[in-house]
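Me: Hi! I've got a structure open and I'm new to this. Can you walk me through it?

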Amino acid sequence: MGANKKVIKMQKMGLVPYLRRSWSLYFMLMLPMAFFIVFRYVPMTNVVMAFKNYNMFQGVWSTGNPVCPYPETGVHMAACGHWVGFEWFQRAFASRDFWFALRNTLWLNLLDLVVGFPAPIILALILNELIFRTFKKFTQTVIYLPHFLSWIIVSSMASRLFAPTTGVVNLFLVQNFGVGPIDFLMDKANWVGTYVMFGVWKEMGWGTIIYLAAITGINPELYEAAEVDGAGRWRKLWHITLPGIRPTIIVLLIMNIGRILGIEFDRPYTMMNTMVMEVADVLSTLVYRLGIRSFQFSLTTAIGLFQSVVCVIFLVSANALAKRFGERGIW
């Protein structure tokens, strides 16, 4: 409604008088727009590396060596920066490592979505019901502080806590219950569970802030009317609080689904080891291993482009599905 009023006001006033009056707002927008253009959109042009035999000494836009024997001989020369079409995509799809990394990325992200997405919602609902404000603020502070820790620190904590012989958790289990030691970080199934639980612990508090902010936007008169009608805490939670934060839940769910194939690099890289590579190697670590360490820039650019395109498809599909069921979506 506010945007429509501004458009009507601009039409009545005229474009030139409106810009003279509001030029400072558009001037302040120039800096963030310049940032996104220079550091986000211009670098996107380098995705052409996925369709070329890229050579770092010739640059991205090199036209290649005119005497390059490819494709007649089927061999790429190191100094030949010619176009190769979808060859790097074909090589990626023919690689077993790529499919293992794709499977692990989907599996770990799906577990994060199923386990990690409801966690901040549940925690926000619990905190909202607390009566003692001092305890509530203390709890909020404690649970969102892990968000500011890097995964280097978190992985170090994991190794100290869950080491097979010297870890605090295993020592506690052995001495008090006679159980263990449990190999949390070397066993594949246990590693996946540890990976997911640490992700929930680290990010749960930060997501709780968003939902608590959404809860504060609910009209208090709705709760008062529900109390008059005899509704208890569970009734108010189910019929007022959850519907009130449903738009926020839908938007965040769409954004999480859009990142189902995208995965951060530092989390799996710092927590993995050679014993769990079969379940821990994801697309981001594969790109690092092939691109940075093996200098296969064109191949890793093709993998990254495939990853981005699939993420966009998931994002658009999730947004369209949300709108079909009557939700607002992202756009």
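**Rings, pockets and charges**

Reply: Happy to! Let's start with a charge and a ring: R267 has its charged end over the ring of Y195, 3.9 Å from the ring's centre. Keep in mind that this is a predicted model.

Me: Where else does R267 turn up? Which residues lie nearest the centre of the largest pocket?

Reply: Those are D112, E203, N256, R259 and R267, out of 26 lining residues. The elements giving two or more residues to that lining are α4 (96–116), α5 (118–128), α9 (188–216) and α11 (233–258).

Me: Which one gives the most to the lining of the largest pocket?

Reply: That's α9, with nine residues.

Me: And what volume does the largest pocket have?

Reply: About 820 Å³. By class, its lining has 14 nonpolar residues, seven polar ones and five charged ones.

Me: Let's talk about E129. What does its side chain meet in a salt bridge?

Reply: The partner is R233, at 3.6 Å from N to O. This pair links distant parts of the chain, as E129 is in the loop between α5 and α6 while R233 is in helix α11, 104 residues apart.

Me: How accessible are E129 and R233?

Reply: E129 has 25% relative accessibility, so it counts as partly exposed. R233 is partly exposed too, with a relative accessible area of 47%.

Me: How many salt bridges are there in total?

Reply: The count comes to seven. Another one of them joins E278 and K188, at 2.5 Å from N to O. E278 is in helix α13 (residues 277–280) and K188 is in helix α9, so this pair ties together parts that are 90 residues apart in sequence.

Me: What about K236, is that buried or exposed?

Reply: K236 is buried, with a relative accessible area of 15%. Its side chain meets that of E227 in a salt bridge, at 3.0 Å from N to O.

Me: Switching to aromatics. How many aromatic pairs does the structure hold?

Reply: There are 23. One of them is F93 with W99, a tilted pair at 6.1 Å centre to centre and 35 degrees between the planes.

Me: Why two values for a pair?

Reply: Because a pair of aromatic rings is described by both the distance of the centres and the angle of the planes.

Me: Got it. How is the pair of F98 and F306 arranged?

Reply: F98 and F306 are edge-to-face, with 5.7 Å centre to centre and 65 degrees between the planes. F98 lies in helix α4 and F306 in helix α15 (residues 297–324), so the pair ties together parts that are 208 residues apart in sequence.

Me: Are those two buried or exposed?

Reply: F98 is buried, at 1% relative accessible area, whereas F306 is partly exposed, at 21%.

Me: And which residues do ring pairs link into a cluster?

Reply: F93, F98, W99 and F306. Of these, F93 is partly exposed at 35% relative accessible area, and W99 counts as partly exposed at 43%.

Note on methods. Residues numbered from 1 in each chain as written. Predicted model: local features only at pLDDT ≥ 70, side-chain atom pairs only at ≥ 80, totals over all residues. Heavy atoms only, no water. 1 Å grid on protein atoms, 1.4 Å probe; cavity = no way out; pocket = protein on both sides within 12 Å on 5 of 7 lines; lining within 4 Å. Points joined across faces, edges and corners; volume = space filled by probe spheres on them. Helix = DSSP H or I, 4+ residues; strand = E, 2+ residues; numbered from the N terminus. Nonpolar A, V, L, I, M, F, W, Y, C, P; charged D, E, K, R; others polar. Phe/Tyr/Trp six-rings, centres within 6.5 Å; stacked < 30°, edge-to-face > 60°. Buried < 20%, exposed > 50% of the residue type's maximum accessible area, 1.4 Å probe, protein only. Lys NZ or Arg CZ within 6 Å of the ring centre and 35° of its normal. Salt bridge = Lys/Arg side-chain N within 4 Å of Asp/Glu carboxyl O.
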